[in-house]
Amino acid sequence: MRCVTQPSAQPKATPLATQKELSDFFAEVERRAYKQALFAVRDDHQALDIVQDAMLKLTEKYSARPPAELPPLFQRILQNTVRDHFRRQKVRSLWTTPLSGLFGGDPDNEADPLETLEVADDSQFSEPPAQQVERSQVLAFIEKAIESLPARQRQAFLLRYWEELDVTATAKIMGCSEGSVKTHCSRATHALGVILRKQGITL
Amino acid sequence: MNQPEHELAKKIVQHLDYGVDQLEPGTRERLAAARRVALSRYREAPQAVLGLAWAGQAVEWVTERHLHSARMMAAAAALMIAMAGVVYWQSINPVNELADIDTGLLTDELPLNAFLDKGFDSWLKRSSR
């Protein structure tokens with residue numbers, strides 16, 4: 001499955017990540033990273049930009065690390081890039097929205113969350129259509145529920161359960177204590193459970 | 001209905017994995033392109049992250065493809081100029097002079113010029129009425 005494994009399995013004098021290893025790592029992680037960014041910023045172009053930025057930063061600055069260190073590093077870079085994005089957006093909207101008329105820039109229009117919902121591709125024939133539709137509907141609900149979570153809870157949940165990082169690594173990435181990672185995770189899971197139950201979805 | 005958190009999380013994640021598999025081909029293609037761009041910058045021995053690395057970063061930040069930050073900096077520069085203008089204007093503003101005259105009036109230490117001022121004379125008459 002995933003290459004998110006115990007760093008302890010790596011011998012001390014590990015060779016640094018080769019280009020091939022880095023490429024494999026990106027190929028494995030990029031779609032989830034894209035989704036993570038998409039949950040946060042709700043705009044597919046910006047999400048793609050964020051993933052690309054994170055990949056660039058990892059390649060340029062941290063490729064001299066053993067492959068086992070890549071997942072937590074990449075996640076930290078990704079989260080920071082998302083945060084920078086929000087910070088920049090805040091500053092930009094503060095200064096340029098009043099000036100946008102002068103400069104002709106288009107104001108960031110609020111993305112409709114419905115537009116970013118992924119609908120299942122019709123070309124999948126592996127399962128019966130009814131099941132496919134049901135599945136993609138459940139997926140849409142889940143994705144929307146995750147989008148609606150508070151940012152920190154979503155971050156903790158995705159890092160812990162989707163990226164399969166341990167509590168320590170997640171705490172380091174989020175810059176908080178292990179206790180609050182656990183709290184965020186548990187609250188997120190609880191909230192998701194409640195939302196899904198309200199929709200009458202049992203997993 | 002109280003399934004353990006872990007199980008629920010796992011099931012949610014399974015659905016998310018399914019969603020990732022369903023990504024549109026266009027998006028996949030662009031992700032792959034982004035990956036290629038990133039990998040093209042790969043170097044066997046990355047530059048030493050020492051000393052003036054931050055300076056390099058700062059220069060890069062200022063120069064490299066940060067069009068919107070250029071716009072932001074233009075806005076910041078405009079703000080600075082405006083603020084400098086306000087400070088300058090305030091310093092040459094007659095408000096200070098007026099304040100001096102008011103103080104003089106209140107402490108009975110009016111400058112001579114005040115008595116030579118016809119306007120002041122008429123104002124005194126008007127206000128004493």
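1. Chain B overall. This is a predicted model, and the points below should be read accordingly. Chain B reads α-α-α-α-α-α-α along its sequence, with 7 helices and 0 strands. Among its 129 residues, 22% count as buried. The accessible surface of chain B is about 9800 Å², and carbon and sulfur atoms account for 63% of that area.

2. Polar links across the interface. Between chain A and chain B there are 6 residue pairs in polar contact, both residues at pLDDT 80 or more. The interface also holds 2 salt bridges. One salt bridge is formed by the side chains of A:E60 and B:R41, at 2.3 Å from N to O.

3. Composition of the chain A side.

4. A salt bridge connects A:E30 with B:R35, and their closest N and O atoms are 2.7 Å apart. This pair joins two chains, because A:E30 lies in helix 1 of chain A and B:R35 lies in helix 2 (residues 25-40) of chain B.

5. Over all chains the count comes to 10 salt bridges. One of them is formed by A:R32 and A:E163, with the closest N and O atoms 2.8 Å apart. The pair links distant parts of the chain, 131 residues apart: A:R32 is in helix 1 of chain A, and A:E163 is in the loop between helix 6 and helix 7 of chain A. A:R32 has a relative accessible area of 4% and so counts as buried; A:E163, with a relative accessible area of 2%, is buried too.

6. The side chains of A:R87 and A:D84 form a salt bridge of 3.7 Å, N to O. Why are these two residues separated by about one helical turn? They are 3 residues apart in helix 3 of chain A, which means a separation of about one helical turn. An α-helix has 3.6 residues a turn, so residues three or four places apart point the same way. A:R87 is partly exposed at 47% relative accessibility, and A:D84 is partly exposed with a relative accessible area of 25%. Elsewhere, salt bridges that share partners join A:E28, A:R32 and A:E163 into one network.

7. Positive phi values. Most residues other than glycine have a negative phi. A:R42 has a positive phi near 60° although it is a residue other than glycine. A:R42 lies in the loop between helix 1 and helix 2 of chain A and is partly exposed, with a relative accessible area of 29%. A:E164, which is not a glycine, has a positive phi of about 55°. A:E164 is in the loop between helix 6 and helix 7 of chain A and is partly exposed, with a relative accessible area of 38%.

8. Helix 7 of chain A. Helix 7 (residues 167-174) is mostly covered, with 6 of its 8 residues buried. The buried residues of this helix are A:V167, A:A169, A:T170, A:A171, A:I173 and A:M174. After helix 7 of chain A comes A:G175, whose phi is positive, near 65°.

9. A:S136. This residue is found in helix 5 of chain A. A:S136 is buried, with a relative accessible area of 11%, and its side chain reaches the backbone oxygen of A:V133 at 2.9 Å.

Technical notes. Residues are numbered from 1 along each chain as its sequence is written. Chains are lettered from A and ligands numbered from 1 in the order in which they are written. This is a predicted model: local features need pLDDT of at least 70, side-chain atom pairs count only at pLDDT 80 or more; totals for chains, interfaces and linings use all residues. Side-chain values use heavy atoms; hydrogens and water are left out. Helices (H or I, at least four residues) and strands (E, at least two) are DSSP runs, numbered from the N terminus. Buried means under 20% relative accessible area, exposed over 50%, partly exposed in between (1.4 Å probe, protein chains only). Accessible areas come from the Shrake-Rupley method with a 1.4 Å probe; for residues, only the protein chains shown count as cover. A salt bridge is a side-chain nitrogen of Lys or Arg within 4 Å of a carboxyl oxygen of Asp or Glu. A polar contact is a pair of N or O atoms within 3.5 Å; within protein, one must be able to donate a hydrogen and the other to accept it, and residues adjacent in sequence count only if both atoms are side-chain atoms.
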